[in-house]
Amino acid sequence: MIVIVDYKVGNITSVQNMLKKVGCRDAIISSEPEVIAKATKLILPGVGHFDYGMRQLKASGLIDILNTQVIEKGIPILGICLGAQLLTRGSEEGQIEGLGWIPADTVKFDATKLQTGLKIPHMGWSDVEIKFDIPLLKDLPNDPRFYFVHTYHMQCDYKENEVVTANYGYTFAAGISKGNIMGMQFHPEKSHKFGMQLFKNFLEQY
């Protein structure tokens, strides 16, 4: 059973709808620890401010069960957009510590490195480069492109955790991974055939 974690941050029904399109009939949205404890896979979506996301996650009372499922039991989890950033230690956007499951920080786009005409936030379709062939990224269509909306991006301590990169003025980590923990800065639920294949892989490869 896939559980999409509901901590009241962002529109999560679009994630559930995309999962249905690729054949998943048992993906549920829940904020109940008892339901999350039964999950075989987890998705942590989210949009907006880092500190707000962490406050909401703490207020939901879900951090302990998420740590149990993800860290102790090794349940696969996919973070999306803000949900991916929350996997890091923290963000320049705020003061609250993140989950810290991947050795990485979330940093703001460096405007001094962006050529004229590139605005922050980075918004729209961008090509990505797969750096490490993890199961989540298997059999993506040629020249994969995903839809992004973000002002901050992830920055890993170790290159082996940066599994996908994109370029917006400079190369940045668009997808991070450490074992059963994966986070994608882009929105696969808005990325048509590329996002569908990624979700299909999450269903079938883990």
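Visitor: Is serine 177 buried or exposed?

Guide: Burial is judged by relative accessible area, where buried means under 20%, exposed over 50% and partly exposed in between (1.4 Å probe, protein chains only). Serine 177 has a relative accessible area of 7% and is therefore buried. Keep in mind that this is a predicted model, in which local features need pLDDT of at least 70 and side-chain atom pairs count only at pLDDT 80 or more, while totals for chains, interfaces and linings use all residues. Residues are numbered from 1 along each chain as its sequence is written, and side-chain values use heavy atoms, with hydrogens and water left out.

Visitor: Where does serine 177 lie, and which residues is it in contact with?

Guide: Serine 177 belongs to strand 10; helices (H or I, at least four residues) and strands (E, at least two) are DSSP runs, numbered from the N terminus. Counting as contact any heavy atoms within 4.5 Å, and leaving aside neighbours within four places in sequence, serine 177 touches Ile102, Ile134, Glu160, Asn161, Val163 and Met182.

Visitor: Which residues have the most contacts inside the largest nonpolar core?

Guide: In soluble globular proteins, nonpolar side chains tend to be buried together. A nonpolar core is a set of buried Ala, Val, Leu, Ile, Met, Phe, Trp, Tyr and Cys residues joined through side-chain atoms within 4.5 Å. Here the largest such core has 36 residues, and Leu19, Ile43, Leu78, Leu136 and Phe199 have the most contacts inside it. Among the elements that give two or more residues to this core are strand 1 (2–5), helix 1 (13–21), strand 10 (171–178) and helix 6 (192–204), and helix 6 gives the most, with four residues. A second, separate core has 32 residues, including Leu44, Ile77, Ala104 and Ile181.

Visitor: Which residues of helix 6 are buried?

Guide: In helix 6, Phe194, Gly195, Gln197, Leu198, Phe199, Asn201 and Phe202 are buried. Beyond its neighbours within four places in sequence, leucine 19 is in contact with Phe199 and Leu203, and also with Ile2, Ile4, Cys24, Ala27 and Ile43.

Visitor: How many salt bridges does the whole structure hold?

Guide: A salt bridge is a side-chain nitrogen of Lys or Arg within 4 Å of a carboxyl oxygen of Asp or Glu, and a search of the whole structure finds six. One of them joins arginine 145 and aspartate 127 at 3.1 Å, N to O. Arginine 145 lies in strand 7 and aspartate 127 in strand 6, so the pair ties together parts that are 18 residues apart in sequence. Another joins aspartate 105 and arginine 89, with the closest N and O atoms 2.9 Å apart. Because aspartate 105 lies in strand 5 (residues 104–108) and arginine 89 in the loop between helix 5 (82–85) and strand 5, the pair ties together parts that are 16 residues apart in sequence. Arg89 and Asp105 are also linked with Asp157 in a network of salt bridges.
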